[in-house]
Amino acid sequence: MSYEVSHLRALESEAIHIMREVAAEVERGVLLFSGGKDSAVLLHLARKAFHPAGLPFPVMHVDTGHNFPEVIEYRDRMVEEIGAKLIVAHVQDSIDQGRVTEERGPRASRNRLQSVTLLDAIEKGGFRGVFGGARRDEERARAKERIFSFRDDFGQWDPKVQRPELWNIYNGFVKPGEHVRVFPLSNWTELDVWQYVNEEKIVLPSIYFAHRRDVFKRDGMLYAVSDFVELFPGETPFEESVRFRTVGDMSCTGAVASTAETLDAVVAEIAATRVTERGETRADDRFSEAAMEDRKKEGYF
């Protein structure tokens, strides 16, 4: 009698193995939680990995101050439900301290300012292992990313000095001043994430499902009307049925026109699309590959 493991269970097993390895090898860990679907899956996997005990590391959110209210409500509700320790690092604090300079104008965004806030929070917490929900299919710049991505004391990433990961063996030794970003979802696709959410019945923020919202159109993308976004002359808000494929700063995260109100409908919609989530809905990711590499070296990812 043959026994076959579905690809979702294989991905789940790999991610749980990675999390347990980090917990065993790395001195202090932390799980980055934005409230988006990838970090929601990551949190769900972490709970499975260490059940029946609680999480052996805190959860950290880098708050731009320009987040979707539904996501902040979801973040607080989930963290309280599982009894995890929540650390919130505020971009506004970095601005107030002169660590970063806030952008101005209709295209201003705090999304790119998060890297400094994140690195400061990692240093303050003494964290050596930082779990993130990044996937290799999100953008071309991530194709060279390892599951264990080592960063120097400036938070910089150099693909030429990353360690081999043969036969799922990971070297978790972290030098003084370094930390390692760990991506358990590296081998997942957006469709995998949604199928897993559907199979596990993971609760997500309401903005991932079709709802009516005031939006405006810019550069071929739909943006939510908010106090954080300045409109150009001629940009007129209108109401549309939309949902979001990814979560980020409200100023640079676009929506897609959609009527998918259920998990099954979203899975079917994602299966039919040929445009990546970031390519369709993230204004700050419309850069050249070289520019993306520069951002990685600056510690943004």
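1. Let's start with a residue on the outside: Trp-167 counts as exposed because its relative accessible area is 75%. The cut-offs used here, with a 1.4 Å probe and protein chains only, are over 50% for exposed, under 20% for buried and partly exposed in between. Trp-167 sits in the loop between strand S5 (148-151) and strand S6 (179-182). Although Trp-167 is not a glycine, it has a positive phi of about 55 degrees. Helices (H or I, at least four residues) and strands (E, at least two) are DSSP runs, numbered from the N terminus.

2. Before going on, a word on the model. It is a predicted one: local features need pLDDT of at least 70, side-chain atom pairs count only at pLDDT 80 or more, and totals for chains, interfaces and linings use all residues. Residues are numbered from 1 along each chain as its sequence is written, and side-chain values use heavy atoms, with hydrogens and water left out.

3. How confident is the predictor? pLDDT is its confidence in each residue, from 0 to 100. The chain averages a pLDDT of 87, and 91% of the residues score at least 70.

4. Lys-201 is another one to look up. Its phi is positive, about 55 degrees, although it is not a glycine. You'll find Lys-201 in the loop between H6 and strand S7 (211-218). With a relative accessible area of 57%, Lys-201 is exposed.

5. Now helix H3 (residues 69-82). At 1.5 Å a residue, its 14 residues should span 20 Å, and the end C-alpha atoms are 21 Å apart, which agrees. (The expected span is 1.5 Å times one less than the number of residues.) Which residues of H3 are buried? They are Val-71, Ile-72, Tyr-74, Arg-75, Met-78, Val-79 and Ile-82. Seen down the axis of H3, these buried residues fall within an arc of 160 degrees, so they line one face of the helix. The arc is taken over the directions from the helix axis to the C-beta atoms.

6. What surrounds H3? Its buried residues pack against helix H2 (37-50), strand S2 (59-63) and S3. On the other side of H3, Pro-69, Glu-80 and Glu-81 are exposed. Gly-83 follows the helix, and its phi is positive, near 75 degrees.

7. Helix H7 (residues 263-272) is worth a look too. Leu-263, Val-266, Val-267 and Ile-270 are its buried residues. Viewed down the axis of H7, they fall within an arc of 100 degrees, so they line one face of the helix. Helix H6 (190-200) and strand S9 (238-243) are included in what covers them. Asp-264 and Ala-272 are exposed on the other side of H7.

8. Thr-117 belongs to helix H5 (residues 114-125). It counts as buried because its relative accessibility is 3%. Leaving aside neighbours within four places in sequence, Thr-117 is in contact with Val-62, Ala-89, His-90, Val-91 and Ser-94.

9. Finally, check the backbone at Pro-52. A cis peptide bond joins His-51 and Pro-52, with omega about 10 degrees. Pro-52 lies in the loop between H2 and S2.

Key:
pLDDT = per-residue confidence, 0-100. Expected span 1.5 Å × (residues − 1). Contact = heavy atoms within 4.5 Å.
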